[in-house]
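Here is a friendly note to read with the structure open beside you. Take the points one at a time and find each place in the model as you go.

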Amino acid sequence: MLLLYIGNIVAINYWNDTISWSFLINNVSVLSKELQRFPVYVFAFLLIAIALLIKIYSKLLNLQTDFRRHFGILPIIPILLFLFYYSLYSIQENISSTLQGEPLFEFFNEKQKATITVKAPAAAAPNRIALQKEKNQPNIILIHGDALRADRLSAYGNTRKTTPFIDSLISEMGGVKIENSMSNCSETICGIASVTASRFSYNENTKNIFTILAENGYTNNFIGTGDLYHGRLDQYLNPITYNFLRADLNEKYYKHDDRFIIDTLSSYPPSSQHPQLFYLRMMSSHPLGDHRQKYKRYQPTPNSLFSMATWGKNILEAQINAHDNFASQFDGYVENIFSIMRAKGYLDNAVVVIFGDHGDAMGEHGYQGHYNSIYQEEIHVPIIIWASNNIDMKVNTNSFATLMDIPPTLLHHLKIAIPKSFLGQPLQIDNSEKIAYLDSKRKVAGVLYQSEEKIYKLFISKKDLHPLHLFELESDPGERSDVHKQKKEITKKLADLYSKFINPQLGSEAIQ
């Protein structure tokens with residue numbers, strides 16, 4: 001039980017989730033494959049740790065202690081606790097909310113079953129179809145690449161031709177690329193909250209793009225890979241989605257296999273005049289994704305997930321190769337998605353937004369992976385907007401954009417009122433000054449500020465509000481030159497704005 005609680009401290013800190021029996025069962029194949037590729041010294045370390053524990057235990061046995069009297073009850077305690085929680089679960093309907101997050105309860109808590117049948121949109125709101133035919137509202141398609149770094153796309157300057165389809169989407173098919181596009185955080189839960197609710201976090205009372213569009217006659221569809229128990233995404237998305245289709249509970253597909261999305265879209269009926277929202281969450285761009293041999297063009301690559309998060313000879317080259325391969329597979333699947341949805345008529349009247357939820361560090365500032373910081377390698381993500389020929393989104397590309405700008409941009413085009421709770425701004429509006437806020441799972445948050453074609457990023461300690469760093473991103477995209485001493489006025493202005501922003505009366509929920 002102690003190991004379970006320690007494990008949950010790690011899991012909540014890094015994945016914003018608790019360990020469960022179903023999680024271990026669902027991931028046993030992944031864990032076994034990864035264990036086979038771990039370096040020998042990892043197992044040597046574990047063996048030494050076990051040997052030390054045995055040594056300590058043997059020393060304890062030599063003490064003058066009546067173990068049966070003092071410690072004999074210990075093995076029974078977890079059993080008693082489990083029976084206690086099970087009895088409560090049986091007699092009280094709302095016990096899940098009462099014990100939500102409690103590690104022992106969550107470990108044994110049975111998860112919901114998957115829904116795999118596509119329901120026809122006409123059944124969702126038949127009384128609104130006539131109205132929507134008159135309005136001719138476009139389909140909205142959000143394509144989310146998990147851990148997709150912008151600089152690994154050739155569309156964003158990668159010298160390798162990693163994303164030929166997305167390149168052509170911009171250069172030949174009228175797509176718009178936001179050059180200075182960023183996530184507001186360096187982790188998935190915040191990324192999804194940003195794109196759906198234009199906030200740092202979500203809950204059942206949060207105004208979001210799903211509920212707003214549903215009120216305006218849209219049918220909401222979520223089709224996604226990855227672990228949707230993570231951060232209770234399923235509890236957030238399922239109630240606000242008409243078709244909630246997930247790979248992590250589908251027996252036919254590995255949960256990180258984006259072919260689930262391709263095959264599910266292929267099963268959809270042709271488009272009708274009824275407008276639909278599609279949210280497609282893809283894992284091909286993530287180190288955890290199911291990566292096909294066809295797209296492993298650049299070699300060498302890391303031997304395992306473990307080796308991706310370590311330092312060593314030539315590891316940077318291998319990491320870059322891996323992320324370029326991830327981007328290539330993501331691009332190939334995006335092309336498949338466009339082909340299917342075009343054939344079914346969904347793109348005849350549509351707005352498509354392609355974005356990453358966060359980046360993935362490769363040691364640039366001493367970090368590996370994500371969750372760690374708000375440096376560009378962890379938050380510079382693509383935001384690409386494509387619309388059918390009958391639509392002019394009028395997007396302004398002169399200023400930076402964050403994921404929180406996506407929901408208000410869509411609502412502005414649809415002429416739907418933007419909730420006051422949204423923190424983002426419509427990209428159709430050209431501001432002389434623009435401000436956005438950043439957050440991380442660690443102790444650092446920040447402010448983005450643009451004025452006179454210069455973009456500044458201020459790093460702030462969430463503990464004491466003292467500025468840590470100020471970078472000018474246009475001239476210093478690698479964030480190597482701290483200018484907060486030279487730019488004292490801007491530093492003070494942004495620190496004051498952040499201090500005001502975290503005032504509870506001004507939206508403290510946004511920085512949770």
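Predicted model: local features only at pLDDT ≥ 70, side-chain atom pairs only at ≥ 80, totals over all residues.

1. Ile76, Ile79, Leu80 and Leu83 together make a nonpolar surface patch of about 370 Å². One of them, Ile76, sits in helix α6, which covers residues 76–91. Is Ile76 buried, exposed or partly exposed? Its relative accessibility is 38%, so Ile76 counts as partly exposed, because that class lies between 20% and 50%. While you look at the helix, remember that an α-helix has 3.6 residues a turn, so residues three or four places apart point the same way.

2. Now turn to a helix with several hidden residues. Which residues of helix α10 (residues 164–171) are buried? They are Phe165, Ile166, Asp167, Ser168 and Leu169. What do the buried residues of α10 pack against? Their partners are α16 (315–343), β7 (350–356) and β10 (383–387).

3. Helix α16 also has a helix as a neighbour. Two packed helices are described by the angle between their axes and the distance between the axes. For α14 (residues 259–266) and α16, the angle is about 5° and the axes are 10 Å apart. The two helices, α14 and α16, are therefore roughly parallel to each other, because angles under 35 degrees count that way. On the α14 side, the contact is made by Arg259, Ile261, Ile262, Leu265 and Ser266. On the α16 side, Tyr333, Asn336, Ile337, Ile340 and Met341 take part.

4. Next, some backbone details worth checking. Most residues other than glycine have a negative phi, and most peptide bonds are trans. Where does the model have a cis peptide bond? Such a bond joins Gln299 and Pro300, with omega at about 5°. You will find Pro300 in the loop that runs between β6 (276–282) and α15 (305–308).

5. Tyr371 is not a glycine, yet its phi is positive, at about 85°. The residue belongs to the loop between β9 (368–369) and α17 (376–379). Tyr371 has a relative accessible area of 6%, so it is buried; the cut-off is under 20%.

6. Glu479 is another residue to look at: it has a positive phi of about 55° and is not a glycine either. Look for Glu479 in the loop between β15 (467–472) and α19 (488–501). Is Glu479 buried or exposed? With 2% relative accessibility, Glu479 counts as buried.

Definitions and conventions:
Residues numbered from 1 in each chain as written. Heavy atoms only, no water. Helix = DSSP H or I, 4+ residues; strand = E, 2+ residues; numbered from the N terminus. Buried < 20%, exposed > 50% of the residue type's maximum accessible area, 1.4 Å probe, protein only. Contact = heavy atoms within 4.5 Å. Patch = residues over 30% accessible without salt bridge, like charges linked within 9 Å, V, L, I, M, F, W, Y side chains within 5 Å. Areas by Shrake-Rupley, 256 points an atom, 1.4 Å probe, with all protein chains shown as cover. Salt bridge = Lys/Arg side-chain N within 4 Å of Asp/Glu carboxyl O. Axes fitted to C-alpha atoms, helices over the stretch in contact; angles between N-to-C directions. Parallel < 35°, antiparallel > 145°, perpendicular 65-115°, else oblique.
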